[in-house]
4 protein chains.
Amino acid sequence: MNLKRVAIIGASGYSGEELVRLLLNHPHVELVAVTSRQYAGQTLAQVFPKFAGHSHAKTLHFTEPNAELLAKQADVVFLALPHGVAAEYAMPLLDAGRMVIDLSADFRLRSAAVYKEFYAHDHPAPDLLDKAVYGLPEIYRDEIKKSVLIASPGCYPTSILLPLIPLLMAELIQPSGIIADSLSGVSGAGRKAEADYLFCECNESVRPYGMPKHRHLSEIEEQLSFAAETRVTIQFTPHLIPVNRGILTTLYLMPEKSFSDAAEMNALNEQIAACYAAAYGDEPFVHLLEGKNLPDTKNVTGTNVIEIAWRLDPRTGRLIVMSAEDNLIKGASGQAIQSMNLVCGFPETAGLV
Amino acid sequence: MNLKRVAIIGASGYSGEELVRLLLNHPHVELVAVTSRQYAGQTLAQVFPKFAGHSHAKTLHFTEPNAELLAKQADVVFLALPHGVAAEYAMPLLDAGRMVIDLSADFRLRSAAVYKEFYAHDHPAPDLLDKAVYGLPEIYRDEIKKSVLIASPGCYPTSILLPLIPLLMAELIQPSGIIADSLSGVSGAGRKAEADYLFCECNESVRPYGMPKHRHLSEIEEQLSFAAETRVTIQFTPHLIPVNRGILTTLYLMPEKSFSDAAEMNALNEQIAACYAAAYGDEPFVHLLEGKNLPDTKNVTGTNVIEIAWRLDPRTGRLIVMSAEDNLIKGASGQAIQSMNLVCGFPETAGLV
Amino acid sequence: MNLKRVAIIGASGYSGEELVRLLLNHPHVELVAVTSRQYAGQTLAQVFPKFAGHSHAKTLHFTEPNAELLAKQADVVFLALPHGVAAEYAMPLLDAGRMVIDLSADFRLRSAAVYKEFYAHDHPAPDLLDKAVYGLPEIYRDEIKKSVLIASPGCYPTSILLPLIPLLMAELIQPSGIIADSLSGVSGAGRKAEADYLFCECNESVRPYGMPKHRHLSEIEEQLSFAAETRVTIQFTPHLIPVNRGILTTLYLMPEKSFSDAAEMNALNEQIAACYAAAYGDEPFVHLLEGKNLPDTKNVTGTNVIEIAWRLDPRTGRLIVMSAEDNLIKGASGQAIQSMNLVCGFPETAGLV
Amino acid sequence: MNLKRVAIIGASGYSGEELVRLLLNHPHVELVAVTSRQYAGQTLAQVFPKFAGHSHAKTLHFTEPNAELLAKQADVVFLALPHGVAAEYAMPLLDAGRMVIDLSADFRLRSAAVYKEFYAHDHPAPDLLDKAVYGLPEIYRDEIKKSVLIASPGCYPTSILLPLIPLLMAELIQPSGIIADSLSGVSGAGRKAEADYLFCECNESVRPYGMPKHRHLSEIEEQLSFAAETRVTIQFTPHLIPVNRGILTTLYLMPEKSFSDAAEMNALNEQIAACYAAAYGDEPFVHLLEGKNLPDTKNVTGTNVIEIAWRLDPRTGRLIVMSAEDNLIKGASGQAIQSMNLVCGFPETAGLV
């Protein structure tokens with residue numbers, strides 16, 4: 001198979017760095033360009049000594065981002081840029097016939113109005129919103145294969161949507177009253193030199209932030225509404241936890257069917273198990289935990305896997321679902337590559353195990 | 001003022017060690033005995049080099065626990081022992097006329113039946129349950145002053161009860177459907193040499209555990225039921241977070257009164273503010289956060305303070321209350337000393353600031 | 001005793017914050033002013049929620065630094081400013097008859113030429129160098145008592161000088177060939193929003209830096225040369241370690257007297273023990289560890305204590321001395337207050353235990 | 001190429017787990033057996049949920065260790081066992097014609113007497129010592145290829161030997177007076193449930209231990225003596241640092257040739273650069289850092305790479321060499337697989353990038 005030529009615009013942040021790592025080791029692609037205003041002119045090996053062992057890293061230089069030039073160099077372009085900026089690059093690349101996989105929020109929503117409500121500026125390219133596919137392969141695999149503009153989901157949304165969508169589609173849970181309590185590692189804040197993310201401000205600290213109206217709610221609720229076929233509004237509280245990587249989400253849900261004794265509870269439990277098995281039993285990157293195991297971010301960091309477990313609580317009648325993922329891989333760069341694999345016709349797990 | 005003589009039975013765990021630290025520096029007491037089967041015969045300074053600077057620490061030896069002997073040596077005895085064991089020591093000490101401040105779960109419940117349900121063995125001293133006062137000074141100050149057997153609350157319960165009790169008593173929130181999502185540092189597990197709590201198993205790990213029926217639910221729900229004057233059942237999910245100390249609790253609540261516009265929301269917000277101000281405005285150890293501040297465990301570790309903040313969410317109609325405390329101080333040893341100060345007639349903040 | 005009025009110029013960094021904490025709780029002083037360009041106009045409680053419990057913290061506002069005004073308000077002024085800036089404030093304060101305790105490097109050296117060599121700019125107030133006393137109380141107690149300008153030592157220097165000076169003065173070790181290998185927590189870098197000190201860059205990272213010619217070498221070598229009465233040049237390698245606080249220093253030394261059998265080794269060991277006992281046996285803040293104990297930063301964080309232990313190695317003939325301190329307390333703010341206590345005639349340990 | 005069948009005896013510790021991870025993904029081997037007394041009967045996926053994504057992990061069960069049975073099942077057997085125990089298993093496996101790669105200390109030394117001195121018991125199989133090859137591929141590549149018993153080096157030794165051996169062989173440094181100061185992550189202590197390695201005992205702690213006579217000195221000094229062709233005794237101080245993985249070693253060395261001006265220093269610097277380039281310029285797993293870069297464990301964790309950098313210090317005349325490695329990979333399991341690749345005729349980097 002010929003190697004696809006891939007480029008990364010914005011390769012110096014944490015997601016970009018993780019894309020570099022995964023693409024350098026991907027069997028079916030060649031990384032031909034990486035851009036960074038800050039590091040233009042330096043090699044990958046100079047900026048990231050950890051890649052020095054890859055022969056490529058000593059010769060590949062960071063360049064200034066230039067969409068026209070990159071359109072000539074690469075078949076597939078990843079955008080690891082802030083929201084609002086990504087759309088600018090997407091347009092000329094798509095016009096030139098390139099595949100674009102965007103890790104920002106710019107193309108995740110169908111509605112430019114909702115975008116403006118949550119991101120506080122007009123959408124930079126509203127015409128493209130209809131062309132984009134939300135890059136959650138376990139849900140939109142077929143659409144992704146046919147698309148040239150993939151909006152790769154956010155880290156929190158991935159951890160919330162994958163556990164919830166099958167339950168909503170199967171009408172096993174009520175679409176109202178959903179609560180998502182999420183705990184994220186600090187890399188989720190990006191490589192920004194802000195005092196809030198200094199080691200001494202995060203280490204030995206646990207804190208909520210960005211509540212009650214975090215930006216990720218927009219894509220979470222849009223996708224949940226599609227699944228439930230009704231408008232879904234959820235409660236979402238993110239917390240910052242002193243780990244480099246990982247998101248642990250705890251979902252508080254109310255089953256559609258109440259259970260009043262052990263037999264009913266077991267029956268419901270089997271329905272949930274069957275629902276998840278049907279949805280994810282063959283998915284390579286979704287681990288449904290069995291027995292007494294509960295999700296733990298340390299099981300998934302460094303991988304493209306999301307772990308899911310659930311418990312019914314006979315005391316409250318609630319269903320608690322928990323998930324763990326690596327925010328930079330299944331929550332960002334790994335999932336983006338999973339989409340690229342689908343778009344390019346590679347095995348879906350290529351470069352991800 | 002004459003110094004009260006105090007002893008600690010079980011002084012080698014994390015709570016015991018923190019009691020030692022606080023009592024060595026307390027202006028109105030003399031630490032006359034510390035017990036530990038493991039360290040009997042060694043001095044405080046040998047076992048805990050961090051206390052070596054206290055003149056006392058080089059001469060005070062750990063002894064085997066002996067209630068009769070301790071009853072002669074001390075006026076006040078702290079029990080920092082596992083549940084089931086503490087009750088054994090409490091009886092002879094109370095018979096000898098000593099004040100007992102128990103940090104275990106043994107005397108926190110009124111009901112021996114609930115104790116058995118949650119702790120899986122018969123209560124070792126059911127006759128004493130009526131004599132014990134639940135040692136939450138902000139709620140039971142007057143009762144504590146008159147008692148000789150204080151059942152100092154658990155760490156999770158403190159972080160949940162202090163934010164909830166005033167709201168329930170003022171009927172500002174519904175007593176049903178309460179969710180408590182808590183994040184705890186690893187010292188909460190005690191100084192047990194178990195593989196689950198090894199550095200490499202906890203560092204770079206975030207995980208739920210002990211759900212959906214954690215033992216602390218028994219005392220939480222009993223106290224909430226007293227406050228609400230109705231039987232309260234809550235959802236509680238504890239998580240283990242890689243910090244030494246600190247509990248961050250996020251509470252998901254439904255106001256009694258719904259709000260449908262900004263004016264109603266502001267009115268409710270002011271009611272909540274007034275409720276908390278009335279309950280805690282003069283409390284030295286409860287900080288009600290203002291403005292944009294949210295609780296952060298790093299603000300309270302090393303102190304006897306609990307931070308509380310809240311937000312109304314107009315999108316969901318819910319009230320979110322968050323608290324942060326040091327699990328070993330306000331959640332254990334500091335609060336126990338606060339009770340001792342009340343029992344002994346010392347200033348309530350003595351030795352705690 | 002009348003309370004002394006104290007002010008802190010530059011109270012928003014880590015050392016400044018620690019000065020605030022200690023001075024708010026000091027029995028003999030009143031904190032009358034704190035300055036910070038960034039936070040001018042805000043109260044202590046607003047900037048540092050952790051101090052909200054102190055009545056003072058809700059009324060004391062940060063102001064712009066103004067030496068003349070502060071000279072009227074305070075009897076003692078702490079400077080917690082970058083080097084080069086501190087000297088500017090010291091001059092008018094001294095002229096106005098105030099006591100100045102400087103935590104920067106500006107007055108630690110006797111030689112303006114050495115200052116320029118290491119700090120890369122001319123000394124801003126060379127005339128003051130002779131008036132300053134190096135604020136290491138265990139070594140310069142008498143001089144500090146008589147001075148009005150204290151140059152409080154750096155964090156690394158304290159951890160190196162206290163273990164070495166008695167050995168050099170007693171001629172127990174050779175003054176040449178000394179190696180100091182130091183490990184520091186990240187707070188040593190200050191509260192600077194630089195990418196190198198972000199949580200994700202420091203957590204799960206161990207790295208040397210600033211070698212082989214770190215700025216602190218200038219004051220270390222000057223002080224060691226005074227003790228040895230000969231010019232001392234040492235090897236010093238600092239490393240950054242993912243803890244908030246603490247410095248662990250390992251010193252590789254060659255005894256003046258070699259030892260070739262167990263008897264000679266024991267004899268030398270006793271000489272070293274006697275030397276340290278004479279130097280520090282009565283010092284409240286120096287812990288000489290006994291038995292198998294080795295220094296551990298967790299024993300000293302939050303305290304003004306430095307732990308010291310040593311081992312002779314019969315295989316190599318070397319003496320290894322190890323120390324542990326809290327870089328922000330004994331290595332900065334605590335030691336500065338220890339000096340203030342001496343200058344003001346307070347008990348030396350006031351506010352520090 | 002036919003897959004080689006490999007087994008791991010003692011697969012539940014940290015090194016064993018890392019072997020499992022690497023071998024499951026190795027292109028030329030099939031993992032046919034894993035043993036663990038503790039987990040016998042459970043599948044890999046049950047014991048280590050993180051491996052659940054490998055089809056193999058759901059069917060491969062841990063068994064009790066049985067050398068005779070394993071000799072029938074596997075072509076290559078890894079021993080990840082405590083010292084003293086490994087030798088028992090090696091003998092029957094070698095007798096049965098299997099290749100043995102031992103990660104314990106049992107076959108690292110040539111001298112049974114030195115083994116007894118450092119490990120405090122008689123060597124369990126002294127006859128095998130001559131047959132074993134020290135598994136440091138960069139130094140003993142040819143010998144490894146021909147051997148059937150590989151003694152894979154310890155984690156500290158690897159971090160010390162790779163930087164030192166070329167310098168000693170080229171006679172660029174003096175073989176006497178060498179100091180190695182090492183900082184290790186907590187996984188180096190293994191998955192032992194001991195209180196010293198609990199999260200709260202290691203987090204926010206930095207401490208030396210096991211000095212001045214750590215067991216690893218025996219193999220370090222034996223190998224250095226071979227390289228220097230004279231008996232080498234070094235000073236070695238290990239420290240425990242709160243990271244999961246990684247060893248950072250700082251070596252204090254004296255060049256054979258002194259340098260008194262910049263020209264001489266540059267000349268020596270070039271000799272050192274040339275020496276390292278000759279030794280390691282083509283090595284895939286040794287990164288010689290250039291420019292201002294210094295080793296950082298975060299660059300190498302998760303990889304089989306060792307980073308090396310050095311500085312000459314004109315103030316002291318010393319050479320400082322620093323290295324960083326992942327203690328569980330280049331310091332243990334990765335290096336063992338590198339040896340396996342050589343023994344089996346696979347590409348040396350197979351399964352390691």
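Colleague: Which strand order does the open sheet of seven strands in chain C have?

Modeller: Strands of a sheet pair through backbone hydrogen bonds, either parallel or antiparallel. In chain C the order of the open sheet is E9-E10-E8-E11-E14-E13-E12, with mixed pairing; pairing requires that DSSP finds at least two bridges between two strands. Strands (E, at least two residues) and helices (H or I, at least four) are DSSP runs numbered from the N terminus. The edges, pairing on one side only, are E9 (207-208) and E12 (286-288) of chain C. This is a predicted model, in which local features need pLDDT of at least 70 and side-chain atom pairs count only at pLDDT 80 or more, while totals for chains, interfaces and linings use all residues. Residues are numbered from 1 along each chain as its sequence is written, with chains lettered from A and ligands numbered from 1 in the order in which they are written.

Colleague: How many bridges join E8 to E10 of chain C?

Modeller: Six bridges join E8(C) (residues 179-184) to E10(C) (residues 235-240), and the two strands run parallel. Leu183(C), for instance, has His239(C) as its bridge partner in E10(C).

Colleague: At what angle do the axes of H7 and H9 of chain B cross?

Modeller: Axes are lines fitted to C-alpha atoms, for helices over the stretch in contact, with angles from 0 to 180 degrees between N-to-C directions. Those of H7(B) (residues 155-169) and H9(B) (residues 217-228) come within 9 Å and cross at roughly 15 degrees. The two helices are therefore roughly parallel, a term for angles under 35 degrees.

Definitions and conventions:
Parallel < 35°, antiparallel > 145°, perpendicular 65-115°, else oblique.
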